Amino acid sequence: MRRLFLVLLVLLAAAPAAASASTVSVSTTHYVGDEKDLPDTYATVTWTAAPGEANRLTVTALRDRIVVYDHGAPLTIGTGCTPLGDGGALCLTTLPIEHVDLTADAGDGNDTIAFGGTVPSGRSVIDAGPGDDHITLGLHGFTTVDGGPGDDVLRSGPGNDTLLGGTGADVISGGPGNDLIVGDPASGPYSPDRLDGGSNTLHHVHSGVGDLLDYSYRPDPVRVDLAAGIGGATGERDVVRHFEIVEGGTAPDVLLGDDHDNYLTDNGVRAPATYASGSRIAGRGGDDLLIGGTRGGPPATLVGGAGADSISLNGPGRADGGPGDDDLSLVTAQGGTARCGTGVDQLSMTDRGALVAPHDCERLFTTHGWLEVTGIRPRADRLTLDLMLVDNRLDDGCASLAVRDGGPSHRLLSHQIRRADGNRPLHFIVPTPHGLPASVLISVADLGCTAIGGTLVVDSDGATRGTVRYVVRGPGS
């Protein structure tokens, strides 16, 4: 008998422990508010794994129900759900499926999770937890996936998804939606990830719509080259493909585009308190949107390249449009300079201060007085200007134009007064019989005036619209 008892103890010790169970339930939340476009009631289907499980979860969102299976562990049925004969759960709700959120907490273990459905659901969240997890999405709504620690494989579906790899060497693939992908957390450690934005064809980068490769809040410099397919910090060696939008971090970054339309930003606008610029951003081909630099930071360099680019320099540095019809903006007067390049280009300054315009900028705009120079045509003996007073505040006013030599003498070249006709451009010809100076100072002011017998009589002073230093001749000309 004693021997039999010992044998039973050995057999019990060797037997596998009883599998713990994951749980699924439905909860309902009522919100009080008067937002007409938002529902007052949401339902949340929540699945939670037990510790020590390697789960194999499938969640399917149908027209009026959610079907849940866990083929890796028994499934405990909670409130709002009923068991199915094959071990699954049927979770019903009287709410439209777009008002139903899905939440999965996989905990530890190497888990496999698949979310799918035939109709758009609400917002879904998957926390894969530690382990080498495989997550596949097929939902049409908005899903956020956190892979957690481990070497994960995350695949987006048709929705606009956010995929966070967490620490580890991850493989992350976007789908046809506009996806946001983060390989490693800002705090590190950094591992070589394979990141693919997916087959999105409905992007519009100038509106911020497209697949986003997100290195924001990284404390270490990152280098991203979309044409070469590389990204990350020194030694990180991420492989990146099919992205339209790239966000750098809080350190000086190098962000290089490809021949498609790109939106590249070094994140100085989002995190200015902890941000040091000095980034180098180049769009290359395509119609790009480039944003970089910060107030008080080291100089940044933004180069558009070929295409109709929009470039916004938020601090010291240089903005270079390159070939194409470009729109350049110097957001501050802190030492930012511009070169427009070939094409019909516009240069603007949105902060107080004198705008210094190079010779290759055809249109100038400054919010300091709302002065817009819609055309500049320099010749050897004259300078032709087309000016517009945007948001003219005088019903029967005039525009006073003064053009001076931009050199040390500030010699007056021309002073003319014209009737301001609403928001229509005013045409001025400035004679320069002694030849064009290297630069001119263009000053415009509003004046109160009255037309008497074909003569304009000034009867009140107005507001200065602004002063533009225009570099008439390029180097060596």
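Accessible areas come from the Shrake-Rupley method with a 1.4 Å probe. On this basis the accessible surface of the protein chain amounts to about 21,900 Å², and 56% of that surface belongs to carbon and sulfur atoms. The model is a predicted one. The protein chain holds 477 residues, of which 49% count as buried. Its secondary structure consists of 1 helix and 42 strands. Of the contacts between residues at least 6 apart in sequence, 41% join residues at least 24 apart.

The largest nonpolar core has 79 residues, and Ile66, Phe115 and Leu385 are those with the most contacts inside it. Apart from this core lies another, of 6 residues, with Leu212, Ile245, Tyr263 and Ile291 among them. For phenylalanine 115, neighbours within four places in sequence being left aside, the contacts are Leu57, Val59, Leu102, Ala104, Ser124, Ile126, Thr136, Leu137, Gly138 and Leu139.

Strand E4 spans residues 65–70 and is mostly covered, with 5 of its 6 residues buried. Strand E3 (residues 56–61) runs antiparallel to E4, and 5 bridges join the two.

Strand E26 (residues 289–292) pairs with strand E28 (residues 310–313) in the parallel sense over 4 bridges. Isoleucine 291 stands opposite serine 312 in E28, and Ile291 is one of the residues of the 6-residue core. E28 in turn pairs with strand E30 (residues 327–330), again in the parallel sense and over 4 bridges. Serine 310 has aspartate 327 in E30 as its bridge partner.

Serine 277 belongs to the loop between strand E24 (263–265) and strand E25 (280–282). Its relative accessible area is 0%, under the 20% limit, and serine 277 is therefore classed as buried. The contacts of serine 277, sequence neighbours within four places again left aside, are Pro252, Asp266, Gly293, Thr294, Pro298 and Ala300. Between serine 277 and proline 299 the separation is 22 residues in sequence and 6.8 Å in space, C-alpha to C-alpha.

Most residues other than glycine have a negative phi, and most peptide bonds are trans. Arginine 237 has a positive phi, near 60°, and is a residue other than glycine. This residue lies in the loop between strand E20 (230–231) and strand E21 (238–241). The relative accessible area of arginine 237 is 59%, which is over 50%, so the residue counts as exposed.

Histidine 410, likewise not a glycine, has a positive phi of about 55°. The loop that contains histidine 410 runs between strand E37 (397–405) and strand E38 (412–419). Histidine 410 is partly exposed because its relative accessibility, 34%, falls between the 20% and 50% limits. The peptide bond joining glycine 188 and proline 189 is cis, with omega about -5°. Proline 189 is located in the loop between strand E16 (180–182) and strand E17 (194–196).

On the surface, Ile417, Leu456 and Val458 form a nonpolar patch, and their accessible area together is about 190 Å². Leucine 456 is part of strand E41 (residues 455–460). With a relative accessibility of 30%, leucine 456 is classed as partly exposed.

Notes. Residues numbered from 1 in each chain as written. Predicted model: local features only at pLDDT ≥ 70, side-chain atom pairs only at ≥ 80, totals over all residues. Heavy atoms only, no water. Buried < 20%, exposed > 50% of the residue type's maximum accessible area, 1.4 Å probe, protein only. Pairing = 2+ DSSP bridges. Patch = residues over 30% accessible without salt bridge, like charges linked within 9 Å, V, L, I, M, F, W, Y side chains within 5 Å. Salt bridge = Lys/Arg side-chain N within 4 Å of Asp/Glu carboxyl O. Core = buried A, V, L, I, M, F, W, Y, C linked by side-chain atoms within 4.5 Å. Contact = heavy atoms within 4.5 Å.
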